[in-house]
Amino acid sequence: MMTPPTEPIVGIDLGTTNSLVAIYDKDGPRTIDDEQGRALLPSVVRFEADPASPGGVRTIVGHDASDRAVEFPTTTISSVKRLMGRSLSDAAEDLPYLSYRVVEGEHNTARVEIPLLLREGSARAASTGAAHPAHRILSPQEVSALILRHLADRASLALGRPITKAVVTVPAYFDDAQRQATRDAGRLAGLDVVRIVNEPTAAALAYGLGLGEQRKPLTVVIFDLGGGTFDVSILRITPNPNPAPDQPAFFQVLSTAGDTHLGGDDIDHALVRMLATRMRDQFGLHEPRAQARESLPGSDSAPDPLANLDPATRRALKQFAQAIKHKLSDEDQASVRIDVAGAGVFQTTVARDDLDALMAPWVDRAMACCRQALADAQLTPKAIDAVIMVGGSTRIPLVRQRVREVFGLEPYTALDPDRVVALGAAVQAAIMSGEAKGALLLDVIPLSLGIETAGGAVAKLILRNSTVPARATERFTTSVDGQTSIKIHVLQGEREMVEHCRSLGVFDLRGLPPMPAGVPQLEVEFLVDAGGVLRVTAAEKRTGKRAQLQVVPNHGLTREEVDRIEAESFTHARDDMARHRVVDLVVNSRLDLKWIGEQLARHGSALEPGYRRELEVGVAALADLAARGDADWRTVDPNDLHHAKEALDRASMRLQEVAITASLRQG
Ligand code: ADP
Ligand code: MG
């Protein structure tokens, strides 16, 4: 008889701006998406009268609530995490930033008050539409419970079984009351919160720090820049000398620092202000129509650049600002086009530099917090082994650059910064349920790592079974003239062609001046650290341009998969080698043919007719083999191709002399 599987425990990141749920199964930790494929759930809940039940209230959780928050400021509850386990006086400094009303509950606790227009309490009255104003007073725990329940339902739908247990994360600085409030929110959501984990500890667990055969203690910085808050923590991770199954290492918080009003929202506001100003300039001193809008409690003390815009324009500007900000994390500039009703089309472009200038003061504040955390822990940047980037706003290049400057380290970005905390919560859950035992936490690299080269072949830089840490570098060049950007495709596997390997990621080395094929000197470095994180750096030697990618190659990889991939590579070894050889020979032959063609066109008339014919025959023969090899590698013998190429190389010696002499004479 089969034993019933252990009950799954989910990991939940209950964030100020966004929340996520993750599970650890046989493939390792992964976040669970909603039906539209989105992992993030905005931590936003709207309350409204339920049209289906007189006197009833219904709730809208997540994207729908967040998208329309500007329209329903007093009934949409966001950032409720700021109120968890706090008294009204504790929360005083946050109140100006909240668009809804916060009142005092029993024992001086903070509560949210939601004004509703409820339908009369009879079906007949409901049909006549009669409604009466009412207030709902809810504890922050009750609001958080709705978010937790939503995520648990998502998980149970995806996993096909009820979810009753969860590991939930909280900021390291949360006090006992705030932690207890988080547990209570879980209980109200029908969840047994089996453990509360610090967010920075979860981030470290997601990277496997403290899980593997860690030899020495590590000191790591967790740099968490989210939507509304910035938290930096310094952790000491000490391996447990007598490994207990649920406590592989000790995570000690050495210091924390941060700013409760520093994050992506500030950048959004600054961008909105910039857009609103440009809009006003473009349309002349046009004041948007004043519209009746719901009152914003505390809005006089909160700087609201949108205060005199109508809700629809405010919502549009806010969404455009965010889209621009996200785009500028990847591109050098972003454009917007907004149809402003009654005024015309507003169009503008924001450059990465504009945004950097706008953000500089905020990033400076974050870096000051980092120095504070170091000072409190009595450490210098040299003592730090890794800086882990957490939170959506750490995708911003300026943030990464400043981290690099202050810590003298390349920040850890191999895992999606939105998901790190949830993934770590799932790892903690799996340690507790025993699921994590089969995890691949190895001292050796289980599968080879390499990059794609011309023709779809894979050049391996680090071979399987190398011990970690491992490092390798190799030189490459281009096979096409005038490439101003080079795509680096990182692959894992034992086979020779891209299509048979696992893609780990792609990045571009950009901003190269156009150079002829073969001239750029591209150095690619692979570095796998003790935690199993792969860092790929590509640098062009002449221009000094660099680009980087980080990944955790073994995330979501099981022992069985590794075995299967290995077995397949043996089965296909002979074919694969032949194909790889043909592909490489075709690429190199083409480069030779191109050069010889150019020189023949230029100096052909200066050659003896017999020699010229000999070259033309050799060119035709190699071109034919290369074309056939390109169409189908099976139709050519790599040795034939190799010999034809060698023969033409030898024959073209004289042509080379002629070309060099001619160029010397010219110069
Ligand atoms: P929290 O921990 O506060 O819940 P998150 O870690 O989810 O917040 O971060 C949300 C913030 O990250 C938002 O302000 C969002 O605009 C920002 N963000 C997400 N992706 C990017 C990106 N590509 N570039 C810049 N900011 C981003
Ligand atoms: Mg967060």
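Me: Before we start, what should I know about the model and the numbering?
Reply: It's a predicted model, where local features need pLDDT of at least 70 and side-chain atom pairs count only at pLDDT 80 or more, while totals for chains, interfaces and linings use all residues. Residues are numbered from 1 along each chain as its sequence is written, chains are lettered from A and ligands numbered from 1 in the order in which they are written, and side-chain values use heavy atoms, with hydrogens and water left out.

Me: OK, which residues come nearest to ligand 1?
Reply: T17, N18, K325, H326 and S329, out of 16 residues around ligand 1. Being around it takes a heavy atom within 4 Å.

Me: Which helix gives the most to that shell?
Reply: Helix α7, residues 311–328, with 3 residues. Helices are DSSP runs of H or I with at least four residues, strands are E runs of at least two, and both are numbered from the N terminus.

Me: Where does T17 touch the ligand?
Reply: A polar side-chain atom of T17 is 2.8 Å from an oxygen atom of ligand 1. A backbone N or O atom of G227 lies 3.1 Å from a ligand oxygen atom too. A polar contact here is a pair of N or O atoms within 3.5 Å.

Me: And how many residues of the shell are charged?
Reply: 2 are charged, with 13 polar and 1 nonpolar. Asp, Glu, Lys and Arg count as charged, Ala, Val, Leu, Ile, Met, Phe, Trp, Tyr, Cys and Pro as nonpolar, and the others, Gly among them, as polar.

Me: Switching topic: what's the volume of the second largest pocket?
Reply: About 1,400 Å³. On a 1 Å grid over the protein atoms alone, a pocket is an open set of points with protein on both sides within 12 Å along at least five of seven lines, and lining residues have an atom within 4 Å of a point. The volume is the space filled by probe spheres set on the points.

Me: Which residues are closest to its centre?
Reply: D330, R400, F507, Q548 and L549, out of 39 lining residues. Strand β23 gives the largest share of that lining, 7 residues.

Me: What about cavities, how many turn up?
Reply: The whole structure has 6 of 30 Å³ or more. In a cavity, a 1.4 Å probe fits but cannot get out. The largest cavity has a volume of about 70 Å³.

Me: What lines the largest cavity?
Reply: Its lining includes F223, L225, W362 and V399. Helix α8 gives the most, 4 residues. The lining divides into 10 nonpolar, 1 polar and no charged residues.

How values were computed
A polar contact is a pair of N or O atoms within 3.5 Å; within protein, one must be able to donate a hydrogen and the other to accept it, and residues adjacent in sequence count only if both atoms are side-chain atoms.
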